[in-house]
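I opened this model to go through its strands, its cores and its ring pairs, one entry at a time. Here are my notes, for anyone who wants to follow along.

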Amino acid sequence: MIVIGIAGGTGSGKSTVVSKIISSLPPGEVALLPQDNYYRDSSHIPPEERQNINFDEPASIEWPLLEKHLAELKAGHSIDMPTYSYLTCTRCKEVIPVEPRDVVIVEGILVLSQPELRDMMDVKVFVDADDDERLIRVIARDCISRGRTPQMVIDRYQQVLKPMHEQYIAPSKRFADLIVPQGGNNTVAITLLTDYIESRLRHLPR
């Protein structure tokens, strides 16, 4: 099994990089553990206060559960991955069964900020993009899928996303084995990464 960690700022193009890796490999070869599925449950917080939760700091993630699930996959066991609703800011009752695969991708803005999680990775990737490009993508995403207005997104970017990026996310770049500038548009870097993964897969014991 090869464990790949893919981090980068909000709106940097991580999901595009992940989808291109998955599409380049045989069907069923990859298991995906998105960091966002492991947000701590906020159902005990009044609904009107949930919009004030800082989702861009490490404390918002249930890291021990993510690390436990990754360890179980590495040991050859299946897991029930939690799901999370951005609309209600609560963990859902539904879970997603995940089977061990030759490639496991752990993806999220903060996954390279955690030493214990980094130690479980074979390849660490940081997807980079200019701040203005990331903001444009975040506005488009949050207005469509998370019910926010452009002004709400801009305010949150200035008050939370930008300072958290500078404090936690950008510094984790130094732990990366590969930095992918221009996000999902960098076909050369993505090809190099997928070629390396395929090379590693050929040497896995069968």
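**Entry 1: β5**

Two notes on sources. This is a predicted model, in which local features need pLDDT of at least 70 and side-chain atom pairs count only at pLDDT 80 or more, while totals for chains, interfaces and linings use all residues. Residues are numbered from 1 along each chain as its sequence is written, and side-chain values use heavy atoms, with hydrogens and water left out.

For the element names I used DSSP runs, numbered from the N terminus: helices are H or I with at least four residues, strands are E with at least two.

**Entry 2: the sheet around β5**

Which order do the strands of the open sheet take? I read β2-β5-β1-β6-β7, five strands with parallel pairing; two strands pair if DSSP finds at least two bridges between them. At the edges I found β2 and β7 (178–180), each pairing on one side only. The twist averages 20° from one strand to the next; the axes are lines fitted to C-alpha atoms, for helices over the stretch in contact, and angles run from 0 to 180 degrees between N-to-C directions.

Next I looked at both partners of β5 (residues 103–107). With β2, the pairing is parallel over five bridges; there Ala31 stands opposite Val104 and Leu33 opposite Val106. With β1, the pairing is also parallel and has five bridges, and Ile4 stands opposite Ile105.

I also noted a helix over these strands: α3 lies across β1 (2–8), β2 and β5, and runs at about 170° to β5.

**Entry 3: the cores**

I looked up the nonpolar cores, meaning sets of buried Ala, Val, Leu, Ile, Met, Phe, Trp, Tyr and Cys residues joined through side-chain atoms within 4.5 Å. Which members of the largest one touch the most others? Of its 30 residues, they are Leu33, Tyr38, Leu70, Val106, Val111 and Leu117. I see at least two residues of this core coming from each of β1, β2, α3, β3 and β5. α3 gives the most, with five residues.

Leaving aside neighbours within four places in sequence, I found Leu33 in contact (heavy atoms within 4.5 Å) with residues including Tyr38, Leu66, Leu70, Leu73, Ile79 and Met81.

I moved on to β3, which is mostly covered: six of its seven residues are buried. β3 and strand β4 (residues 90–98) pair in the antiparallel sense over six bridges, and Ser85 stands opposite Thr90 in β4. The hairpin of β3 and β4 has four residues between the strands, and I noted that Cys89 takes a positive phi near 55° there.

**Entry 4: rings**

For aromatic pairs I took rings of Phe, Tyr and Trp (its six-membered ring) with centres within 6.5 Å; planes under 30 degrees apart count as stacked, over 60 as edge-to-face and the rest as tilted. The count comes to three pairs. Tyr39 and Tyr84 form a tilted one, 5.3 Å centre to centre with 50° between the planes. This pair links distant parts of the chain, 45 residues apart: Tyr39 is in the loop between β2 (30–34) and α2 (47–50), and Tyr84 is in strand β3 (residues 79–85).

Phe55 and Tyr84 form an edge-to-face pair, at 6.2 Å and 70°. Phe55 lies in the loop between α2 and α3 (63–74) and Tyr84 in β3, so the pair ties together parts that are 29 residues apart in sequence.

Tyr39, Phe55 and Tyr84 form one aromatic cluster.

How values were computed. Buried means under 20% relative accessible area, exposed over 50%, partly exposed in between (1.4 Å probe, protein chains only).
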